[in-house]
Amino acid sequence: MMTQNEFAKKSYEYAVGAIKATSHPPLTEEGLRRLSEADLSDFPRLLDELGWGRGIEGNLYERIQGEFEYAVAFIRDISPDLSLTDLLLFEEDAQNLKLFLKGQLIGRDVTELANKGGSIPIEIIRGSVEAGDFSLISETLDRELKGIEEEKDPFVISSRADRAIFMHTLELARKKNTALYEMLLKYGGAKNRISEARLRLMGQDIEGAKDLLLPVEYTSIAQDGRSEDEIIEEAKETISHAMYELRSGENFAPIAEYFFAKKSESEALRRLLTQCELQNKGANVQ
């Protein structure tokens with residue numbers, strides 16, 4: 001039997017208990033259904049009624065972001081292996097890297113817009129971008145982003161940043177966890193299909209942009225007769241499914257499950273809120 005002192009240590013047993021006891025559980029499918037049927041004016045009341053986002057202040061968008069950042073801070077606090085848990089946050093890190101690179105391009109301080117849900121401290125990403133030296137984060141990032149300060153194309157900037165963070169994460173995952181590594185391979189293949197589809201929408205040839213793709217084997221869309229939008233949606237579903245598969249069979253599965261549930265919740269709430277605002281705007285115009 002586990003003693004109180006043993007349970008209080010950061011172990012996966014402790015993490016499971018903390019997740020079960022959290023006052024910030026993910027919304028249920030029933031909760032999301034009720035929100036999908038709500039008017040914009042009912043949104044805040046219904047969220048409070050569902051017990052969502054306790055103690056998170058601000059407008060609805062700020063509360064959604066604040067709740068997600070709370071979830072990230074929570075899993076990082078309870079994790080027995082922070083170096084592994086932080087690898088789950090690679091999309092948030094890539095988002096911040098792209099933000100600061102594009103901010104530098106237009107000469108704007110974007111610190112206030114940064115996502116606080118990443119694993120790499122915002123000030124380190126900002127300082128690395130300003131210095132043009134990413135070795136403080138990793139040698140992989142520094143190698144992949146050489147000369148990025150000279151790039152003017154926002155698509156190329158985003159693609160190179162995604163590739164750099166992905167390669168950094170992939171190298172660490174290969175050493176730390178097989179399930180996470182395999183998830184990243186599936187993620188990378190799907191992201192490459194998305195990149196190909198977007199290049200095709202822009203009328204660009206993939207042959208001239210292969211160095212922007214993620215370094216994984218994947219099925220090209222060259223012979224895919226479907227529309228770019230259909231290909232992108234299918235690839236997004238592939239990513240979601242790959243992340244879902246990661247939530248089972250590993251010691252850190254409960255942490256991954258909680259994180260992806262809160263991440264999915266955040267995306268769903270933003271989408272529902274946007275739909276409510278559009279419907280409300282349309283009603284006012286009529």
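## The largest pocket

Helix H13 (253–285) supplies 10 residues to the lining of the largest pocket, the largest share. Helices here (H or I, at least four residues) are DSSP runs, numbered from the N terminus. This is a predicted model, in which local features need pLDDT of at least 70 and side-chain atom pairs count only at pLDDT 80 or more, while totals for chains, interfaces and linings use all residues. Residues are numbered from 1 along each chain as its sequence is written, and side-chain values use heavy atoms, with hydrogens and water left out.

The pocket holds about 1,300 Å³ of space. On a 1 Å grid over the protein atoms alone, a pocket is an open set of points where a 1.4 Å probe fits, with protein on both sides within 12 Å along at least five of seven lines; lining residues have an atom within 4 Å of a point. Grid points are joined across faces, edges and corners, and the volume is the space filled by probe spheres set on the points. Of the 40 lining residues, Glu91, Ser240, Met243, Lys263 and Glu267 lie nearest the centre. Among the helices that each supply at least two lining residues are H3 (29–36), H5 (60–78), H7 (90–106) and H10 (154–176). By class, the lining has 18 nonpolar, 7 polar and 15 charged residues; Ala, Val, Leu, Ile, Met, Phe, Trp, Tyr, Cys and Pro count as nonpolar, Asp, Glu, Lys and Arg as charged, and the others, Gly among them, as polar.

## Helices H11 and H12

H11 (residues 178–201) packs against H12 (residues 228–245) at an angle of about 165°, with the axes 9 Å apart. Axes are lines fitted to C-alpha atoms, for helices over the stretch in contact, and angles run from 0 to 180 degrees between N-to-C directions. The two helices are therefore roughly antiparallel, a term for angles over 145 degrees. Their crossing is left-handed, meaning that the near helix is turned anticlockwise from the far one by less than a right angle, whereas clockwise is right-handed.

Residues of H11 that meet H12 include Met183, Tyr187 and Ile194, and those on the H12 side include Ile231, Ile239 and Met243. Contact means heavy atoms within 4.5 Å. By class, this contact has 12 nonpolar, 1 polar and 9 charged residues.

## Helix H7 and its partners

H7 and H10 pack at about 145°, with axes 9 Å apart, in a right-handed crossing. Among the residues that meet are Phe90 and Leu97 in H7 and Ile157 and Ile165 in H10. The classes in this contact are 9 nonpolar, 2 polar and 4 charged residues.

The axes of H7 and H8 (residues 122–131) come within 10 Å and cross at roughly 40°. This crossing is also right-handed.

Terms used: Angles under 35 degrees count as roughly parallel, over 145 as roughly antiparallel, 65 to 115 as roughly perpendicular and the rest as oblique.
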